[in-house]
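Hello,

Here is the structure I promised to pass on to you. Have a look at it first, and then read my notes below.

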Amino acid sequence: MRVLAAMSGGVDSAVAAARAHDAGHDVTGVHLALARNPQTYRTGARGCCTLEDSRDARRAADVIGIPFYVWDMADQFHESVVDDFVAEYAAGRTPNPCLRCNEKIKFTAVLDRAVALGFDAVVTGHHARLGDDGMLRRSVDDGKDQSYVLAVLTRAQLDRAVFPLGDSTKAQVRSEAAERGLAVADKPDSHDICFIADGDTRGFLERRLGSAPGDIVDARTGEAIGTHNGAYAYTIGQRKGLDLRVPAPDGRPRYVLSITPKTNTVTVGPREALAVDVVTANKVIWHGAPTPVECDVQLRAHGEVVPAEVTIEGDTLTARLREPARGVAAGQAIVAYRRDEAGDVVLGSATITAGVSSAELEPAGVFSAEPEPAGVFSAEPEPAGVFSAEPEPVGGVARA
């Protein structure tokens, strides 16, 4: 089989390419140049897409003994991932850029070009498995599993995907890289969002969307108890960085319950008000049996799984959770899993639009799903600065 190996310059993609070559495939390595301004995409171990990464990928290809090319996909990446990221936050949603990159770049733009050039499949260093039945499964390494951010792939895309690392732990991959003489064996994993190398998500958004002061409102009293410089800087479940003027009567912390771009309001309240047990979602990709089906659902990257009954009607997926969940944010993916003798199988995914508490029949942790505003992007360079990390990561990026 003639395959294209996406080589980021990290250890995972290098070992994946080497294993594909050992398996007898005709392998060509390709590094995706995704940054319009590469030096802004790296701060220490954070980020990716520098000239150093390209050189590391080329050296790995030389050791493996495969041809190597660099494809400039910076414009596609900026339009499909970076601009989408900004627009989603502007609309009050919390996107996952890793998922969007897999969907729009690695398994659409790259795969389409690869097929046009005569390749049969794309090989990546993602930690996930494809079973003999063609179904996507979790990696054996739970800590590195990336099936959540791959669950958006269609059947046609999965049929042309190869994930050689799914049966190995990260420690085994690093050990193998060292044995093969790959210089990236000890290279640190990149962290957080690749195009926000310094981790300052709030600063990144403010540079693009500008300052937009508004009120932070207490859900119980309706009183304005603080102000913000842009509702886009907040996400459902956030506790830190709220800068509230009025303490809660009971002295307990408040959390972000909802974000309403139309009124530029952030609503906060007690932790228990975040609990939801019905989640709806759209943009459904489904590989499992007809619904309703009892399964487990994961509601954010690296989040816990929750048992649920999932039903699909048209393009709407509804998950009735058997246990309440907190911090459920619109824009994130809901991924359904079913366990069999070979491990956790991905049944499908969808994009969360709302979460409610069925007991109260009132929105709890509800999200605004308004259309993206026009003209929210600027041509300013990527920002520098330091961001105080929030309790929940926003779509962290792992080098594949």
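**Helix 2 and what follows**

Glycine 65, which comes just after helix 2, has a positive phi of about 90 degrees. Please keep in mind that this is a predicted model.

Now step back into the helix itself. Helix 2 runs over residues 51-64, and its 14 residues should span 20 Å at 1.5 Å a residue; the C-alpha atoms at its ends are 20 Å apart, so the two values agree. Which residues of helix 2 are buried? They are Asp53, Ser54, Asp56, Ala57, Ala60, Ala61 and Ile64. These residues lie on the same side of helix 2, because they cover an arc of only 160 degrees around the axis. In an α-helix there are 3.6 residues a turn, so residues three or four places apart point the same way. On the face turned away from the buried side of helix 2 you will find the exposed residues Leu51 and Asp62.

**Serine 168**

Next, find the loop between strand 9 (161-162) and helix 7 (170-179), where serine 168 lies. Serine 168 counts as buried because its relative accessibility is 8%, under the 20% cut-off. Its side chain makes a polar contact with the side chain of arginine 19, at 2.9 Å. Beyond its neighbours within four places in sequence, serine 168 is in contact with Arg19, His127, Ser139, Val140, Asp141 and Val173.

The protein chain has a mean pLDDT of 88, with 86% of its residues at 70 or more. Over residues 361-400, however, the pLDDT is below 50. Where pLDDT is low, the predicted coordinates should not be read in detail.

Happy exploring!

Terms used: Residues are numbered from 1 along each chain as its sequence is written. This is a predicted model: local features need pLDDT of at least 70, side-chain atom pairs count only at pLDDT 80 or more; totals for chains, interfaces and linings use all residues. Side-chain values use heavy atoms; hydrogens and water are left out. Helices (H or I, at least four residues) and strands (E, at least two) are DSSP runs, numbered from the N terminus. Buried means under 20% relative accessible area, exposed over 50%, partly exposed in between (1.4 Å probe, protein chains only). A polar contact is a pair of N or O atoms within 3.5 Å; within protein, one must be able to donate a hydrogen and the other to accept it, and residues adjacent in sequence count only if both atoms are side-chain atoms. Contact means heavy atoms within 4.5 Å. pLDDT is the predictor's confidence in each residue, from 0 to 100. The expected span of a helix is 1.5 Å times one less than its number of residues. The arc is that of the directions from the helix axis to the C-beta atoms.
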